[in-house]
Amino acid sequence: MRFPKTAALSAALMTAAGLAHGAEIEFWYGNTGNVETAILDACTAFNAAQSEHEVSCVGQGGYEVGMQKAIAAYRSGQHPVLIQFFDAGTLDLMLSDAVVPVEELIPDVDWDSYIAGARAYYETSDGRLFSQPYNSSTLLFYTNKTQLEEAGITETPETWEEVIAAARKLEEAGHECPFVTDAHPWRVLEQFAARHGLPIASKHNGYDGLDAEYIFNQGLIAEHLTNLASWREDGLVKLNPDTKAGDYAAAFNSGECAMMEGSSGSYAAAKKAFGDKYGITVTMTPMYEGHERHNTLVGGASIWVMKGHEEAEIEAAKAFLDFLRQPEQQLAFTAATGYVPVTLDALEALKASGKADAPEFATASVGIDTMNQPATEDSRGIRLGFYVQFRDIFMEETQKAFNGDQTMQEALDRAKTRGDELLRRFEQTYQSAKLN
Amino acid sequence: MSNAFFRNRWLPFWLASPQLLVMFLFFYLPVFLAFFWAFHLERPFGGGSQFVGWANFQRVLADQEFWAALRRTVVYMLLASGSSILVALILALAADRAVRLSPLARNLLIWPKAVAIASVGVIFLFIFNPFLGVLAPLNEVFPGIWNPRINPLHTWIMIYIANIWSAIPFTFIILLTGLQAIPETLHKAAAMDGAGPWRRLRDIQLPLLTPQLFVAVVLEVADSLSGSFGLIDTMTQGGPGGATNMLVYKIYVDGFKAYDLSGAATQTAMLMVVVAGITALQYLFLEKRVKYER
């Protein structure tokens, strides 16, 4: 008979599981491609390094999908202990009452070892860290060294003025796509504003209260976006739909476009695609002349501990977080992906290893450098409600401007108005919630 | 209910209960929740939901994006169902007239039914790719003349073609069966009286096809609302610049990508009312002109 055999087998399995002391927990992540491989490697390494706990890492196919599933899972009580969430969801999570701040959960860790640029994004305004930074990236400037040299440009441009001069030279040399961007607000708005020391919203981007208002539709930010639109008219800047690849990073990687602003996490893929064909340069993103450089924001994602789990599971989660924080783990992850190590001890370990100049760590030092520029109250991060939706609105309105349906100024004004409506609704939704 | 069949008066309910349970769990419960959330401000992770009366409705009704999305939805509903029924009708008439190869065509035209709408989207996105697709040579000659990634008109053309392609089989089968059920004697009698093919189409085939046309219209109108989701999601994500953002897609984005559960629920409630209204109108006014008796 079949049934008793199955029953006996499952009974045996249950006993076996009971013998182990630790817990089996799930960790949900969103990345795909080579980053996913690196995450899975870390999970395997953790499970091999000790026998007490077992973490199974479950890919969700994307940050946003991961968040959707987490919301559904949390509402039905099926949520994992550990989950990776992306930067833009930070405030939604802080106010959700669904997570435990890591600093509260594991108080005996030296959290100050995290560099300020990476900490500020994930901590409350009184300085308590909510989540453990994981795949930390920031915005860098990528150039195709070979193509630039062919057009007679020997120095990597450092300012927007130089970038555009280089773009004109490339265009004159017959290059069809000098500079490419997807005009995503993370690149053209948030990182741009932070490094120029400008706020995109009042109350220091919302850090000082939910009653913030968007203020990006003026001054240098508005000027820059208007410039982007007119440079595109001139054929110096291309957007995703203008490229054969249909995607800015793919267009840069294939050599179709010569310069881009991209995440440090794009480095490994670009380097691999370039091979021996092209040389690659990664530097800090360009500034406008006459402006002091401030830090860029940390991007990517961090790991959050969700509420409502048993003690044993929490212990397993702590052990896994401790494991990921180790310098050698961070460096292995950096080498595989181009994400940036974000603790001081990891940086020291990198220096001590003497590999700081190796190609697989090319983004580490420049990434840290750009995140460690002098900070201002407005370059801590973005603390604005329904921010994911705002990003969509920003994309929609600016896309209309790039298509010529409205001017860039009109687009920014409309995005501000629609964004402010979101902020007011968020304020109302979380009326009774306190960020403590 | 008359108890001619069932002596036990509860037996029918017991027999129907599995179906009723499924209907309740997967239809009535979500509908109820949608209306509940429409009157509350709901946090994504739960907790702290508060009653706000009609505030959500006021907000949605004052939102230009909602009206723009509703307008696009209605236009799409009319054009998409109209165009796909018209094309299917022409094909069905041709297949019915026993032109050469029509048995083969009858078979082939059913194949697209086997392709999921999301796959249709991906395939047509590639076919109309401005740099690699069928129109790429045109772009080589006149750069930028075709780019559905930027030009909303091109995007719509692409979506309509994909929709017609995927909607043809079902409507085609319904209409062809209807046409083949029209007695041959009527055609012969009309032909003897000197009626040409066009006249026979207008006075015999179309009037006798009204039941099938009615079914096709009702189903296609409803399908153009929900079926558009797969196409929009795979082909345009509502772009360029929100030009193809229809209500079903907007609801999905608001609810699942932007965590605005209340706003999404409110729009869902309103969409349900619109769809119920349109279907009711169809039955009230269109069905009167349907001739079921032959």
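The chat below goes over a helix pair, a chain contact and a sheet in a predicted model.

Me: What should I know about the model and numbering first?
Reply: This is a predicted model, where local features need pLDDT of at least 70, side-chain atom pairs count only at pLDDT 80 or more, and totals for chains, interfaces and linings use all residues. Residues are numbered from 1 along each chain as its sequence is written, and chains are lettered from A and ligands numbered from 1 in the order in which they are written.

Me: At what angle do α5(B) and α9(B) pack?
Reply: About 40 degrees, with the axes of α5 (residues 117-127) and α9 (residues 197-235) of chain B 8 Å apart. Axes are lines fitted to C-alpha atoms, for helices over the stretch in contact, and angles run from 0 to 180 degrees between N-to-C directions. Helices are DSSP runs of H or I, at least four residues, and strands are runs of E, at least two, numbered from the N terminus.

Me: Which residues of α9(B) does α5(B) meet?
Reply: B:G227, B:G230, B:L231, B:T234 and B:M235. Contact means C-beta atoms, placed from the backbone, within 7 Å.

Me: Switching to the chain contact, how many residues does each chain give?
Reply: Chain B gives 21 residues and chain A gives 24 residues. On the chain B side, helix α10 (residues 247-257) has the largest share, 3 residues.

Me: And the sheet in chain A, what is the strand order?
Reply: The open sheet of 5 strands runs β8-β7-β9-β6-β10, with mixed pairing. Strands pair if DSSP finds at least two bridges between them.

Me: Which strands are at the edges?
Reply: β8 (237-239) and β10 (280-284) of chain A, each pairing on one side only.

Me: How do β6 and β10(A) run?
Reply: Antiparallel, joined by 5 bridges. One of the bridge pairs is A:T143 with A:T281.

Definitions and conventions:
Contact = placed C-beta atoms within 7 Å.
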